[in-house]
Amino acid sequence: MSKVEVCIVVEGPTEQLFVRDVLAPAMSVKGIYLHAARIGSPGHKGGDIRFERAKNDIGNFLRQRSDTYVSTMFDYFRIDADWPGREEIRGKVSSGAALSAAEKANLMEEATRQKIVASFGGNNADRRFIPYIAMHEFEALLFSDPVALAEKIKVEPERVRQILAECGSPEEINDRPETAPSKRIAALMSGYQKIVMGSSIAETIGIPAMRRQCPHFDQWLTTLEQLH
């Protein structure tokens with residue numbers, strides 16, 4: 001089995017821990033070795049994800065090693081309004097289009113890919129850059145197993161199932177400030193600390209369950225697996 005290395009530029013410490021402690025071990029058995037690098041300065045805590053900042057980091061990693069792929073893990077919920085693809089999505093929604101979470105993510109990822117290729121095409125960015133936008137937030141993945149999530153945050157599973165019944169699936173849990181996935185969990189559990197608890201809950205749930213319940217997340221990992 002050939003070895004494939006992927007640097008994932010992530011939003012903050014929660015995603016960094018998730019990649020390091022949960023996702024990377026699961027993918028390494030398939031010969032895909034993931035390394036998470038936090039966007040911006042080492043002290044960046046997450047949120048306020050601006051394209052110019054992300055573009056610089058992505059470009060730096062594309063230039064460093066020609067045999068390494070570069071990906072991203074940014075929350076749609078927190079990406080700034082000027083990010084490539086945002087305007088197109090807003091226009092479609094304003095015109096009455098009912099876009100699924102995956103359709104929004106695919107539009108934004110393709111627009112992001114085009115911008116990066118235009119800026120760093122000489123580094124084989126068209127082949128080596130594989131953007132991923134988490135819909136609508138990392139915590140959506142934690143809704144993949146209502147029983148496991150409920151047990152970890154000490155609530156009845158039915159309360160988690162009600163959220164899924166309302167939204168349809170984990171990746172469709174919406175991005176309004178008061179109803180984003182992390183806000184939903186915080187409303188269920190006073191004192192929820194995403195950095196401390198997010199990776200632990202994800203490890204309990206496991207990547208296979210997340211892939212079954214989150215099609216866009218599964219699509220990303222499938223793309224990485226096909227890099228061999």
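1. The lining of the largest pocket comprises, by class, 4 nonpolar, 4 polar and 3 charged residues. In this scheme Ala, Val, Leu, Ile, Met, Phe, Trp, Tyr, Cys and Pro are nonpolar, Asp, Glu, Lys and Arg are charged, and the others, Gly among them, are polar. A pocket is an open set of points on a 1 Å grid over the protein atoms alone, where a 1.4 Å probe fits, with protein on both sides within 12 Å along at least five of seven lines; lining residues have an atom within 4 Å of a point.

2. The model is predicted: local features need pLDDT of at least 70, side-chain atom pairs count only at pLDDT 80 or more, and totals for chains, interfaces and linings use all residues. Residues are numbered from 1 along each chain as its sequence is written, and side-chain values use heavy atoms, with hydrogens and water left out.

3. The largest pocket holds about 170 Å³ of space, a volume being the space filled by probe spheres set on the points, with grid points joined across faces, edges and corners. Its lining consists of Asn106, Glu109, Glu110, Arg113, Phe129, Ile130, Pro131, His216, Gln219, Trp220 and Thr223. At least two lining residues come from each of α4 (101-120), β4 and α11 (215-225). Helices (H or I, at least four residues) and strands (E, at least two) are DSSP runs, numbered from the N terminus.

4. Isoleucine 130, one of the lining residues, belongs to strand β4 (residues 129-130). It counts as buried because its relative accessibility is 11%; buried means under 20% relative accessible area, exposed over 50%, and partly exposed in between (1.4 Å probe, protein chains only). Leaving out residues up to four places away in sequence, isoleucine 130 touches Tyr69, Val70, Ser71, Thr72, Trp220, Thr223, Leu224 and Leu227, where contact means heavy atoms within 4.5 Å. Its C-alpha lies 9.3 Å from that of isoleucine 8, at a sequence separation of 122 residues.

5. Isoleucine 133 sits in strand β5 (residues 133-134) and is buried, at 1% relative accessible area. Not counting residues up to four places away in sequence, isoleucine 133 touches Phe74, Tyr76, Ile79, Ala105, Met108, Glu109 and His216.

6. The largest nonpolar core has 48 residues, and Phe18, Leu34, Phe217 and Leu224 have the most contacts inside it. Helix α1 gives the largest share of this core, 6 residues. Apart from it lies another core, of 23 residues, including Ala54, Leu62, Trp83 and Leu99. A nonpolar core is a set of buried Ala, Val, Leu, Ile, Met, Phe, Trp, Tyr and Cys residues joined through side-chain atoms within 4.5 Å.

7. Phenylalanine 18, neighbours within four places in sequence aside, is in contact with residues including Met73, Phe138, Leu141 and Phe217. Threonine 14 is placed in helix α1 (residues 13-28) and is buried at 4% relative accessibility. Beyond residues up to four places away in sequence, threonine 14 touches Phe138, Lys194 and Ile195.

8. In helix α6 (residues 146-153), the buried residues are Pro146, Ala148, Leu149, Ala150 and Ile153. Their cover includes α7 (157-167), α8 (181-188) and α9 (194-205). Aspartate 145 caps the N-terminal end of α6, with a side-chain oxygen 3.2 Å from the backbone nitrogen of valine 147. Just after α6, lysine 154 has a positive phi of about 60°.

9. Glycine 91, in helix α3 (residues 86-94), is partly exposed at a relative accessible area of 32%.

Notes: Polar contact = N/O pair within 3.5 Å; in protein donor to acceptor, adjacent residues only side chain to side chain.
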